Amino acid sequence: MKASDISEVKHLYQLDPDRCAIHRISGCFVNGDKTKVVHFTENFLTLPEEERFKYLELFRKCLSGTKDKNLLMLRPRQVHRDDHSGDLTGEECKLLQALIETDLKDEATLQEFFDHVIESFNYVDNYLILLARQNYDVPGKTLDGLDLEDASEEVYRHVLCAVCPVKPTKPGLGYVPSENAFHNLTPGQIVEMPMNGFLYPAFIERSQDPDYVLYYTKDTVDIRPDFADAVLGSATPLAAEGQKKSFGNLLTDTLGEESDLSTVLQIQENLQTLIREKKEEQESPILGKEDVRVILRDSGVDEERMKGFDERFDAVFTMPAEEAAAKEGEETPGDTEEGSAVSRYPEEIPIEERIFVASNLVPQRTLEVKNADFTIRINTDRTELLETRVLDGKKCLVIELEDGVSVNGIPIRV
């Protein structure tokens with residue numbers, strides 16, 4: 001989904017009767033013992049306006065954040081279609097489609113979905129699973145981008161899920177309007193902004209695509225792959241922070257002694273150029289193995305350093321055999337060769353889907369240079385001000401100074 005697609009769906013979750021067409025919402029309150037405390041299904045339009053606004057705020061959050069960091073496009077692994085009917089046959093997609101088809105009215109379907117979430121969502125405190133069901137008459141557009149409200153091209157039928165932590169409020173004095181006085185208020189439970197969520201089916205090029213899911217994660221380090229795997233049938237990519245760290249390790253291992261300032265800055269510049277070229281298309285460049293190889297070669301990395309690059313790249317998307325065995329609860333094999341690995345998702349992620357998102361690899365505004373004693377941040381457009389030299393036998397980082405230099409806000413003369 002492009003940013004424009006996400007924005008169009010997000011506008012459906014405003015308190016606007018001309019746009020918002022939520023049929024029903026359904027929820028399940030789960031405690032820290034993974035026990036269902038209560039579940040409910042409500043006709044959305046019959047709720048008080050204040051409550052509708054609060055629910056919409058939670059759902060909109062699942063369509064917010066940075067694309068490819070908080071918002072990820074996932075493809076369920078089991079997506080395929082029946083040769084005769086063309087219907088989706090993957091189990092997870094069938095369940096999500098059933099939620100849409102039954103309009104959140106079928107109790108058995110709802111409970112099956114809630115059970116899937118509860119089994120896979122590892123969280124020690126209380127949380128609320130929320131579902132919204134909505135139809136959207138997708139308007140046609142004129143050549144200059146204006147909506148043609150009376151020319152609907154299709155109906156986008158979808159479900160939006162939000163998983164929200166529920167936290168206890170603190171006791172304290174509070175004003176009671178009915179008594180015009182302050183009293184000690186009884187602690188309650190308050191629903192906070194979602195940790196995770198998803199939109200199914202995805203809305204791509206202003207049309208529904210049941211082969212994809214838009215997945216939301218508040219945490220860009222732990223994106224809860226077990227939850228996405230169990231509920232959506234989707235393998236998740238490396239988290240944004242994981243991509244940045246893994247790419248750095250890949251460069252360190254590949255460059256070796258060639259890891260000088262000019263080479264690293266050239267790699268950063270080439271990535272920035274690639275991102276700028278795609279910005280108008282609202283897309284983040286995706287880098288597979290061959291793309292990264294070209295970036296490195298264009299940045300001056302010689303063929304000798306590129307030897308073994310394929311193995312190093314694939315190792316980013318695998319886990320050591322010892323870790324894999326521990327994850328399965330097995331004893332670590334004693335005769336495993338050092339450095340051997342098994343695929344994190346052995347059968348589900350083909351090699352061509354092992355990718356980096358370019359915008360996750362480089363800073364968009366400032367470049368950071370640091371060691372144990374200092375940290376320097378410089379505008380990504382002015383990296384030519386940096387160079388390394390040996391002065392009086394000492395290795396130095398040299399920064400070309402211009403007017404307006406200050407230390408802790410105090411101007412200094414150079």
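How do the residues of the lining of the second largest pocket divide into nonpolar, polar and charged? The count is 14 nonpolar, nine polar and six charged. The model is predicted. Its protein chain has 414 residues, and 41% of them are buried. The secondary structure comes to eleven helices and 22 strands. Among contacts between residues at least 6 apart in sequence, 63% join residues at least 24 apart.

**The second largest pocket**

- This pocket has a volume of about 920 Å³.
- Its lining is made of 29 residues.
- Lys244, Val264, Gln268, Leu367 and Glu368 lie nearest the centre of the pocket.
- Four elements each supply at least two lining residues: helix 6 (240-255), helix 7 (261-279), strand 17 (366-370) and strand 20 (394-399).
- Helix 6 gives the largest share of the lining, with eight residues.

**Nonpolar cores**

- The largest nonpolar core holds 34 residues.
- Phe113, Tyr127, Ile129, Leu131, Phe198 and Leu232 have the most contacts inside this core.
- A second, separate core has 33 residues, including Leu47, Leu71, Leu160 and Ala202.
- Leu131 belongs to the largest core. Beyond its neighbours within four places in sequence, Leu131 is in contact with residues including Arg24, Phe59, Leu99, Leu104, Phe113 and Val159.

- Helix 3 spans residues 91-101, and its buried residues are Glu92, Cys93, Leu95, Leu96, Leu99 and Ile100.
- An α-helix has 3.6 residues a turn, so residues three or four places apart point the same way.
- Leu104 sits in the loop between helix 3 and helix 4 (107-120).
- Leu104 has a relative accessible area of 1%, so this residue is buried.
- Leu104 and Glu42 are 62 residues apart along the chain, with their C-alpha atoms separated by 9.4 Å.
- Leaving aside neighbours within four places in sequence, the contacts of Leu104 include Arg24, Thr41, Leu99, Leu131 and Arg133.

- Pro201 lies in the loop between strand 9 (196-200) and strand 10 (202-204).
- Glu205 is not a glycine, yet its phi is positive, at about 55 degrees.
- The loop between strand 10 and strand 11 (207-209) holds Glu205.
- Is Glu205 buried or exposed? Glu205 is exposed, with a relative accessible area of 54%.
- Arg224 is a residue other than glycine with a positive phi, near 55 degrees.
- Arg224 is placed in the loop between strand 12 (213-217) and helix 5 (225-232).
- Arg224 counts as buried because its relative accessibility is 18%, and the cut-off for buried is under 20%.

- Thr217 is part of strand 12.
- With 1% relative accessibility, Thr217 counts as buried.
- Thr217 and Lys61 are 156 residues apart along the chain, and 10.0 Å separates their C-alpha atoms.
- Beyond neighbours within four places in sequence, Thr217 is in contact with Lys69, Asn70, Met195, Asn196, Asp222 and Ile223.
- Glu8 lies in helix 1, which covers residues 3-10.
- Glu8 has 11% relative accessibility, so this residue counts as buried.
- From C-alpha to C-alpha, Glu8 and Phe203 are 9.1 Å apart in space, and they are 195 residues apart in sequence.
- Phe203 is also one of the contacts of Glu8, along with Tyr136, Val138, Pro139 and Arg206, once neighbours within four places in sequence are left aside.

Technical notes. Residues are numbered from 1 along each chain as its sequence is written. This is a predicted model: local features need pLDDT of at least 70, side-chain atom pairs count only at pLDDT 80 or more; totals for chains, interfaces and linings use all residues. Side-chain values use heavy atoms; hydrogens and water are left out. On a 1 Å grid over the protein atoms alone, a cavity is a set of points where a 1.4 Å probe fits but cannot get out, and a pocket is an open set with protein on both sides within 12 Å along at least five of seven lines; lining residues have an atom within 4 Å of a point. Grid points are joined across faces, edges and corners, and a volume is the space filled by probe spheres set on the points. Ala, Val, Leu, Ile, Met, Phe, Trp, Tyr, Cys and Pro count as nonpolar, Asp, Glu, Lys and Arg as charged, and the others, Gly among them, as polar. A nonpolar core is a set of buried Ala, Val, Leu, Ile, Met, Phe, Trp, Tyr and Cys residues joined through side-chain atoms within 4.5 Å. Buried means under 20% relative accessible area, exposed over 50%, partly exposed in between (1.4 Å probe, protein chains only). Contact means heavy atoms within 4.5 Å.
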